[in-house]
Number of protein chains: 2
Amino acid sequence: MNLADVRAAARGLDGIAHRPPVMTSRTLGAGVFLKCESFQRTGAFKFRGAYNFLSSLGEEERARGVCAISSGNHAQAVALSARELGIRAAILMPEDAPPAKLAAVDGYGAEIETYDRYSMPQVQAGREFAERRQMTFVPAYDDPRIAAGAGTAALELLEDAGELDLLLAPVGGGGLMAGCATVIKALHPSARVIGVEASGVVKRSLEAGERIQIPVPRHIADGQMLTQPGEWTFEVMRELVDDVVLCTDDEILAAMAFLFDRLKLVTEPSGAIATAALLAGHVRPEGARVGVLVSGGNVGLERFLDLMRR
Amino acid sequence: MNLADVRAAARGLDGIAHRPPVMTSRTLGAGVFLKCESFQRTGAFKFRGAYNFLSSLGEEERARGVCAISSGNHAQAVALSARELGIRAAILMPEDAPPAKLAAVDGYGAEIETYDRYSMPQVQAGREFAERRQMTFVPAYDDPRIAAGAGTAALELLEDAGELDLLLAPVGGGGLMAGCATVIKALHPSARVIGVEASGVVKRSLEAGERIQIPVPRHIADGQMLTQPGEWTFEVMRELVDDVVLCTDDEILAAMAFLFDRLKLVTEPSGAIATAALLAGHVRPEGARVGVLVSGGNVGLERFLDLMRR
């Protein structure tokens with residue numbers, strides 16, 4: 001997967017995906033540029049990768065329909081992409097997923113099946129689901145087409161903000177990071193790329209030189225609940241990511257409040273975590289031109305109120 | 001004040017004001033375009049008019065410094081405009097103004113004085129303040145330069161959304177409405193312009209054919225606390241505004257929640273009221289191309305949490 005793949009994905013997404021604005025804040029610094037994927041269709045960057053993946057399928061794969069497993073943003077992204085492309089979709093979602101998310105996926109016309117997420121690991125549940133349904137499985141992150149789609153966000157950020165010295169992006173499975181790092185390093189090789197996470201699984205994996213496995217983490221960033229980085233994305237991150245920093249729940253909440261009050265942005269915890277790394281001082285740009293991926297805004301009003309009352 | 005004045009204001013604001021994005025929502029309808037002035041500098045459209053007014057001042061007026069009376073957004077707009085232009089500013093604010101707004105004005109370097117808005121009419125308080133300070137008074141709405149500045153929001157909306165059949169904008173003193181209606185009627189004479197308010201003072205004034213006076217209203221839209229429309233703006237509105245509709249506090253709150261959840265937009269009550277008119281069915285566009293002014297986002301996190309817990 002290289003810059004040409006991301007450019008091809010961008011051409012496919014033109015007129016389909018939104019092109020969310022790049023925003024600035026004098027409080028964060030004159031050289032800080034926030035790419036607001038909270039305004040992407042389905043409310044998160046995930047639509048870019050899912051649509052790019054589905055567009056790449058051949059006739060036979062489309063005819064079988066697509067399936068995915070997700071409790072959140074990937075589910076909505078696959079459901080909407082499938083509807084846009086006229087492909088049948090079935091999504092396996094945890095039976096205790098928030099009703100609003102189930103309703104959103106249902107609203108995009110996808111079939112929903114639920115499972116007990118405490119009785120079976122997600123990877124296993126997804127594999128069994130795809131086999132049983134005989135549908136084309138859409139991975140959430142560990143795939144070059146997913147990453148190339150996600151990388152189009154970085155491409156737009158560079159077009160709108162100009163050259164960057166540093167990119168900060170949330171990191172979990174690694175799809176967004178693999179795509180964005182590929183773009184940044186291809187266009188501005190001297191720029192640094194730093195991932196931000198809540199659990200430390202990516203940082204520890206990079207330090208160990210191999211993918212470690214952790215128990216399901218207990219933090220508020222539900223978009224970064226991974227227990228292990230992706231296999232393919234990990235190899236890309238080993239090559240292209242300069243550093244990974246961690247943020248606490250309190251730092252994420254402070255960033256969500258800051259983005260609400262000062263930038264009038266609604267963000268979910270993983271959407272605010274890259275900004276949190278700046279605000280908490282884990283990354284000190286010191287005059288550098290910094291791109292920040294605000295990856296999503298699907299927090300939901302009720303959960304936002306609960307989080308802010310902590 | 002005419003289209004040429006608005007175009008001149010737009011040239012003066014170029015590179016100074018932000019150009020907030022126009023957003024769409026399939027839930028609201030394919031032809032609905034939200035001009036998101038919540039992302040304007042100072043968090044509301046008011047910056048446009050204040051900066052245009054201050055730019056128009058001569059040497060002597062600038063040297064005296066400027067003063068204003070405002071519950072919030074106009075205060076911030078004057079404070080920041082003055083700082084940008086190197087002019088001293090003093091602002092008279094109600095002592096019960098939202099703390100976020102008081103803090104912001106202070107942050108822009110303006111001097112703040114407070115008063116009890118329930119004990120003295122705003123017009124009287126402002127007149128006394130300006131006389132005592134011997135500074136150039138910056139009106140909040142009842143002035144062609146203020147309205148011409150505000151009208152640049154409609155100019156940008158038309159440039160980005162294309163032709164409109166209908167414009168919905170909050171109406172209070174009438175500065176935003178006078179500027180926007182002037183632009184819409186000049187460029188698309190057949191388009192309808194509808195104001196949205198919480199108190200009914202503008203609607204009743206237009207029906208009466210003269211400016212009525214009401215007690216200080218007690219609704220949640222603190223950006224629309226006017227007891228009487230402006231004198232000059234009222235004449236413009238009589239000529240150009242087709243209708244005014246009212247929204248209740250509950251309808252405004254529902255719109256704020258909708259904009260938060262679905263569009264990931266932070267709005268203050270008056271910023272959400274034009275959207276509320278659509279959502280509550282007070283205006284039924286039925287296929288028309290509708291521009292909606294989302295006029296500001298300075299609600300402040302604490303007040304937002306309080307409002308949403310009602």
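I begin with A:Asp242, which is partly exposed because its relative accessibility is 38%; here buried means under 20% relative accessible area, exposed over 50%, and partly exposed in between, with a 1.4 Å probe and protein chains only. The model is predicted, so local features need pLDDT of at least 70 and side-chain atom pairs count only at pLDDT 80 or more, while totals for chains, interfaces and linings use all residues. Residues are numbered from 1 along each chain as its sequence is written, chains are lettered from A and ligands numbered from 1 in the order in which they are written, and side-chain values use heavy atoms, leaving out hydrogens and water.

Which residue forms a salt bridge with A:Asp242? The partner is A:Lys185, with the closest N and O atoms 2.8 Å apart. A salt bridge is a side-chain nitrogen of Lys or Arg within 4 Å of a carboxyl oxygen of Asp or Glu. This pair links distant parts of chain A, 57 residues apart: A:Lys185 lies in helix H8, and A:Asp242 in the loop between H10 and strand S9. Helices (H or I, at least four residues) and strands (E, at least two) are DSSP runs, numbered from the N terminus.

In chain B, B:Arg132 forms a salt bridge with B:Glu113, at 2.9 Å between the closest N and O atoms. B:Arg132 belongs to helix H6 and B:Glu113 to strand S5. B:Arg132 is exposed at 52%, whereas B:Glu113 is partly exposed at 22%.

Over all chains, the structure holds 39 salt bridges.
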